[in-house]
Amino acid sequence: MKDRRTGPRNRRKNVADRRNNSLLDRREWLNQLTGKWDHELLPGNVRIGRDCWLESTGSFGPLASARDPGVVIGDRVSIYGWTQFTVADYALVEVGDDSVLVGPHFMCHSTISIGRRVVISYHVQIVDSDFHPIEPELRRNEAVAITYHGDASRRAPIEAHPITIGDGTWIGAGAMIMKGVTIGAGARIEAGAVVTRDVPAGAYAGGNPARVLGAVAERA
Amino acid sequence: MTSVFYNPDDGEWFEPLPDNVVIEEHAYLYSSYAFRHCMSDRDPAVRIGHDTCVYANSVFELGPQAEVTIGAYCSIADPTIATNGRVTIGDYCLIGWDSVIADVPWPVPPGSRAGVGGQVNPSPDSEIVLADNVWVGARAILLAGARIGENAVVGAGSVVDFEVPPGMLAAGNPARIVGPIRGLRP
């Protein structure tokens, strides 16, 4: 039976294939969901600092970056199982010291930098590209190219714009951080906000699209 | 035909259910995996009413003083309930996919709350109450202070932290009361 593989043709390169494991027993399998697994199982292009807690190996499943390092994690970072590092091509995701990543889905084609002491809540999407062209004619060609049998080399080039999230920022549940956004240090992003523009340091932003609603110091 | 009720002896693939989680008769729970981050010391911490279904990606991220009560005949479709306070859900409620019921806008699992101060680690007084027959849309967010009246509907993607009167539709981000539900007898 033909081996069905979904997803882009550019599989990760230069990283150890973690899936070539012998049968795991039930306890080992549960450990990989509850943070008790061996970090040696991570792809070769992931750097982790000291005293980090990674809940699930699944967070690094979609990592397909050819860059080394492709993911850099600082010291004392907690990464919960809902986190997904979908890092493609030659992209990089950096996470600063003492951050808490509960459920961000990183979709990265360039660079996403998370500062220190950043708290990212459940169901957050951090996406640094539109991934598809907006012009209708190019979009139609793109739709054909990305089908399973399509010619992936005819895809439109992916324009990605780096995202920077400053130190001490808190990102609320369900928020979306879109391409090219820089969020200043100490900002708070409300639950459900869709951030399409830069947020200044110390600002409190919310809504869809997100607007600055005030300063964090006033609302505390 | 195998029963689809919660069967800890046969159907459970994760660790045993915590002692302070009560599942009433004919209720369905996918797995105790939903309680992997539950740190509540209350007794009971979670009560799931009879004939209610709690589906696979639902998760209860409960702090030490948290208490969640879910009524009968509810469909709990994959919300994230993250609180150190009280959440009360009435009978016949429908809770949509990927919704969030939390006591602060930046909830984190209880194991991480101590390390993050301020509003991320609030007091246990917060309360979220849903009356009977409430429909919470997909990806909606209910925050502390949300009181949803009987028969009300919360639109998909809304962020609600205020009182929604009975029979009303609340929608938007920021949320507004849009108007009464069509078809509701006066």
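Reader: How many of the 220 residues of chain A, in percent, count as buried?

Author: Buried means under 20% relative accessible area with a 1.4 Å probe and protein chains only; exposed means over 50%, and partly exposed lies in between. In chain A, 47% of the 220 residues count as buried. This is a predicted model: local features need pLDDT of at least 70, side-chain atom pairs count only at pLDDT 80 or more, and totals for chains, interfaces and linings use all residues. Residues are numbered from 1 along each chain as its sequence is written, chains are lettered from A and ligands numbered from 1 in the order in which they are written, and side-chain values use heavy atoms, leaving out hydrogens and water.

Reader: How many helices and strands has chain A?

Author: Helices (H or I, at least four residues) and strands (E, at least two) are DSSP runs, numbered from the N terminus. Chain A has 3 helices and 19 strands.

Reader: Where is Ile114(A), and which residues is Ile114(A) in contact with?

Author: Contact means heavy atoms within 4.5 Å. Ile114(A) lies in strand E9 (residues 111-114) of chain A. Its relative accessible area is 5%, so Ile114(A) is buried. Beyond neighbours within four places in sequence, Ile114(A) is in contact with residues including Phe106(A), Ile120(A), Ile126(A) and Ile165(A).

Reader: Now chain B. How do the side chains along strand E6 point?

Author: In a regular strand the side chains alternate between the two faces of the sheet. Strand E6 (residues 67-70) of chain B shows it: Val68(B) and Ile70(B) point to one face and are buried.

Reader: Which strands pair with E6(B)?

Author: Two strands pair if DSSP finds at least two bridges between them. Strand E3 (residues 46-48) of chain B pairs with E6(B) in the parallel sense over 3 bridges. There, Arg47(B) has Thr69(B) as its bridge partner. Strand E9 (residues 86-89) of chain B also pairs with E6(B) in the parallel sense, over 4 bridges. In E9(B), Arg86(B) is the bridge partner of Glu67(B).

Reader: In what order do the 8 strands of the open sheet in chain B run?

Author: The order is E2-E4-E7-E10-E13-E16-E19-E20, with mixed pairing. Strand E2 (28-29) and strand E20 (176-180) are the edges, each pairing on one side only. Inside the order, strands E13 (residues 135-136) and E16 (residues 153-154) of chain B run parallel, joined by 2 bridges. Trp135(B) has Val153(B) as its bridge partner.

Reader: Is Glu12(B) buried or exposed, and what does its side chain reach?

Author: Glu12(B) counts as buried, at 13% relative accessibility. A polar contact is a pair of N or O atoms within 3.5 Å; within protein, one must be able to donate a hydrogen and the other to accept it, and residues adjacent in sequence count only if both atoms are side-chain atoms. The Glu12(B) side chain reaches the backbone nitrogen of Phe14(B) at 2.8 Å. A polar contact of 2.9 Å joins it to the side chain of Ser31(B).

Reader: What area is buried between chain B and chain A?

Author: Buried area is the accessible area (1.4 Å probe) that two parts lose on being put together, summed over both. Here it is about 2400 Å², and carbon and sulfur atoms give 60% of that. On the chain B side, Trp13(B), Trp106(B) and Asn173(B) lose the most area to chain A, together 25% of what that side buries. Across the interface, 9 residue pairs are in polar contact, both at pLDDT 80 or more.
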